[in-house]
Amino acid sequence: MDTAADSTPRTGLDLVRKLIAAGGSSRGIGKTMRFRGTAADRGIVILEGLPDEDFYNPLGTVHGGYAATILDAALALAVQSTLPLESGYSTIDLKITYLRPMTAGSAPVIAEGKTLHEGRRIVACEGRLTDREGKLCAHATATYMVIPRNE
């Protein structure tokens, strides 16, 4: 996947690639949750996360909210990569299926978000979260509403 970015984004994909090239935002959920983009193409975004003991639940594994957050981010950026720069989007639903627990030893984890259907107003996506060995830890599906900026 091409991660080159030009200085003035013209499309949603340009915007996502520029964000990845810059190493992410200086603030926001990616910084807080220790994940960053590594690649983007139209309808596909890859994020890499570094969960550690700071994200553990009382059972001694990474809290499921970490998986949900990184998958939601990968899916949302995949949607952004398909839209005109002036359009927005909003999550309609997000379903996470947890398949394997994560620990600090699972890092780095990879979240891949991919669009499945790109309608005029609705985009459907799926995501996969794998550990450092490529084992599937969680799967997600989501639906997003496209919001043209003139509305």
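**Exercise 1.** Does Arg36 count as buried, partly exposed or exposed, and at what relative accessibility?

*Solution.* The model is predicted, local features requiring pLDDT of at least 70 and side-chain atom pairs pLDDT 80 or more, while totals for chains, interfaces and linings use all residues. Residues are numbered from 1 along each chain as its sequence is written, and side-chain values use heavy atoms, without hydrogens and water.

Step 1. Buried means under 20% relative accessible area, exposed over 50%, and partly exposed in between (1.4 Å probe, protein chains only).

Step 2. Arg36 has 41% relative accessibility and therefore counts as partly exposed.

Step 3. Arg36 belongs to strand β1; strands are DSSP runs of E with at least two residues, and helices are runs of H or I with at least four, numbered from the N terminus.

Step 4. Leaving aside residues up to four places away in sequence, Arg36 touches Gly23, Ile46, Leu47 and Glu48, where contact means heavy atoms within 4.5 Å.

**Exercise 2.** Determine the strand order of the sheet and explain which strands stand at its edges.

*Solution.* Step 1. The open sheet has six strands in the order β1-β2-β4-β5-β6-β3, with antiparallel pairing; two strands pair if DSSP finds at least two bridges between them.

Step 2. β1 (35-41) and β3 (88-98) each have a single partner strand, so one side of each lacks a neighbour in the sheet.

Step 3. Within the sheet, β4 (residues 109-118) pairs with β5 (residues 122-130) over eight bridges, and Gly113 stands opposite Gly127 in β5.
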